[in-house]
Every structure is written in C-alpha cells, then in structure tokens.
Amino acid sequence: MQIANVYRPMVFGCQAGDALPEVARRMTEKNVGALAVLEGDRVAGVITERDVVTALATSEDPLSLTAGTCASTDMKVAGLDEDTREVARRMLDHGIRHMPVNEAGRLVGMVSMRDLLAVETWTE
C-alpha cells in the first residue's frame, strides 16, 4: 500500500519562536504527537512529544526554550508513492514515530507509526 492511502493530509505546525508550553498546547488541541516547525513559510524541522519531554527533563529553564531550539532538523521524509512497509522500516531504523510527507518538495502531511501499524492490522 502507498503512503498516499494512509497519511494525514493536514499539516499542523508552529513557528520556530513559539515557547514550549504553546507547542504542547497546540499538540493537545490538535490531538497530534508532532508539529512541523516553520520559519516563515519554510519547514525548519519537526517537534514531537518526545522532544518536549526531553527538553522539560534536561533544561534548567524549559519555559525559555522554543520550538526551534528543540525540534529535529535532520528530517526524514516520505513520498506519497512510497510503500508503507518501506517507510515503516525507515522509521524504525531511525527511531522516529512521525514523518513528514512531501509531494514535489512541498510538505503535504504527516504519517505516524500508528497510521502504519493500523494499515498492517487491517490488511492481514
């Protein structure tokens, strides 16, 4: 099955300068575990629940941190035409649970390990 059939075509994001409490609030409101981190119109990274928890646990002043300082900037991305099993393997290999989905170099959504697990559960 292709990623185009399972990804979430909505992109929820935050600005790189947003404080961590605002990032966490936005994740909660949208019921998502990751947000695209934007610098203007450009995607600068991805911030996940894990990034927020790590920042809270390791920083002396986590409230002063921003999405941009805590986000992963070495993004792995999936294409709409990629096979779900191949993407799941890449996510496992890199230890990530959320991957941006690109089409022609443009961010069009996000796929999570949960999305991919659901595909495997329903196709067996």
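Me: What volume does the second largest pocket have, and which residues lie nearest its centre?

Reply: In this predicted model, the second largest pocket has a volume of about 260 Å³. Its lining is made up of 14 residues, and T48, S72, I96, R97 and H98 are those nearest the centre.

Me: Which elements supply at least two residues of the lining of the second largest pocket?

Reply: Each of β3 (42–48), α2 and β5 (98–103) supplies at least two residues of that lining.

Me: How much space lies in the largest pocket, and which residues are closest to its centre?

Reply: The largest pocket holds about 580 Å³ of space. It is lined by 22 residues, of which N31, V32, G33, A34 and H98 are the closest to the centre. Two or more lining residues come from each of α1 (20–30), α2 (49–58), β6 (106–112) and α5 (113–123). By class, this lining has 13 nonpolar, five polar and four charged residues.

Me: How do you know that C14 is in no disulfide?

Reply: A disulfide requires two cysteine sulfur atoms within 2.5 Å. The cysteine sulfur nearest to that of C14 belongs to C70 and is 10 Å away, and C14 is therefore in no disulfide. Likewise, C70 is in no disulfide, as its nearest cysteine sulfur, that of C14, is 10 Å away. By this rule, the count of disulfides is zero.

Me: Why is C14 called buried?

Reply: The relative accessibility of C14 is 4%, and buried means under 20%, so C14 counts as buried.

Me: What makes C70 count as buried?

Reply: The value for C70 is 13% relative accessibility, which also lies under 20%; therefore C70 counts as buried.

Me: Where is T84 placed, and why is T84 described as buried?

Reply: T84 is in helix α4, which covers residues 84–94. The relative accessible area of T84 is 3%, and because the cut-off for buried is under 20%, T84 is buried.

Me: Which residues does T84 touch, not counting those up to four places away in sequence?

Reply: Leaving out residues up to four places away in sequence, T84 touches M1, Q2, I3, V6, L116, V119 and E120. Contact here means heavy atoms within 4.5 Å, so each of these residues has a heavy atom within that distance of T84.

Note on methods. Residues numbered from 1 in each chain as written. Predicted model: local features only at pLDDT ≥ 70, side-chain atom pairs only at ≥ 80, totals over all residues. Heavy atoms only, no water. Buried < 20%, exposed > 50% of the residue type's maximum accessible area, 1.4 Å probe, protein only. 1 Å grid on protein atoms, 1.4 Å probe; cavity = no way out; pocket = protein on both sides within 12 Å on 5 of 7 lines; lining within 4 Å. Points joined across faces, edges and corners; volume = space filled by probe spheres on them. Helix = DSSP H or I, 4+ residues; strand = E, 2+ residues; numbered from the N terminus. Nonpolar A, V, L, I, M, F, W, Y, C, P; charged D, E, K, R; others polar.
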